[in-house]
Amino acid sequence: MNRENGVPRAAAKSPLWGNIFRRRSNTAEDILSTLRQVPLFSNMTDGELREFEKLIHQRQFKAGETIFWEGEPGVGMYIIQHGAVAICKHNRNDVRETLVLLHDGEFFGELALLDESPRSASAIAEQNSQIIGLFRPDLFGLLERKPRLGNKFLFQLALIIGERLKQTNTEIQNLRAQLDRTDVVL
């Protein structure tokens with residue numbers, strides 16, 4: 001792996017991510033332990049996890065600090081090592097509403113690995129949190145160097161996104177049924 005001062009070369013060259021997400025070499029086992037908890041990596045060997053560990057970046061966020069804003073370009077996904085993160089949107093009255101509160105081992109922002117569309121919600125640390133990030137340029141580099149491993153990851157990502165889509169469709173059907181039982185006209 002090409003590195004500059006312990007930072008993967010792609011991240012070290014990035015003016016956006018290279019300076020805020022720094023690797024810490026003494027936490028490699030913590031990263032591997034966290035990755036083992038995440039369904040995206042559940043069927044990977046220790047050697048495969050070590051390949052991803054080389055790509056991972058860590059950062060501490062203070063309580064109340066924004067990880068990313070709704071509408072900004074997405075460049076990667078995040079995994080909560082320790083802490084809690086609220087996924088939020090602002091309603092019509094510009095009041096922040098929490099959609100979900102995520103904890104240790106949970107991940108968010110994964111669609112940014114697939115496309116460059118703007119973030120659909122904001123992510124805000126609810127408490128002091130240790131977050132690890134996997135960014136699209138690093139994943140694309142892995143796909144070039146180790147296409148079998150990159151495709152294994154992308155297939156697992158597709159399965160999880162598909163499962164989440166099914167759950168969302170069920171929730172929409174349930175909400176529509178509740179709405180149909182009322183006399184509200186849209």
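Modeller: Two strands pair if DSSP finds at least two bridges between them; strands (E, at least two residues) and helices (H or I, at least four) are DSSP runs, numbered from the N terminus. This is a predicted model, in which local features need pLDDT of at least 70 and side-chain atom pairs count only at pLDDT 80 or more, while totals for chains, interfaces and linings use all residues. Residues are numbered from 1 along each chain as its sequence is written, and side-chain values use heavy atoms, with hydrogens and water left out.

Biologist: What is the order of the strands in the open sheet of four?

Modeller: The order is S4-S9-S6-S7, with antiparallel pairing.

Biologist: Why is the pair of Phe41 and Phe153 called tilted?

Modeller: Rings of Phe, Tyr and Trp (its six-membered ring) pair if their centres lie within 6.5 Å; planes under 30 degrees apart count as stacked, over 60 as edge-to-face and the rest as tilted. The centres of Phe41 and Phe153 are 5.4 Å apart and the planes stand at 35°, so the pair is tilted. Phe41 lies in the loop between H2 (28–37) and H3 (46–53), and Phe153 in H5 (residues 147–181), 112 residues apart.

Biologist: What makes the pair of Tyr78 and Phe135 edge-to-face?

Modeller: The ring centres of Tyr78 and Phe135 are 5.9 Å apart and the planes are at 75°, so the pair is edge-to-face. Tyr78 is in strand S5 (residues 76–82) and Phe135 in strand S10 (residues 129–135), so the pair ties together parts 57 residues apart in sequence. Both residues are buried (under 20% relative accessible area, with exposed over 50% and partly exposed in between; 1.4 Å probe, protein chains only). Tyr78 and Phe135 also belong to one aromatic cluster with Phe68 and Phe108.

Biologist: How do you know that Arg119 lies over the face of Phe68?

Modeller: A charge sits over a ring if NZ of Lys or CZ of Arg is within 6 Å of the ring centre and within 35 degrees of the ring normal. Arg119 lies over the face of Phe68 at 3.9 Å from the ring centre. Arg59 lies over the face of Phe61, at 4.2 Å.
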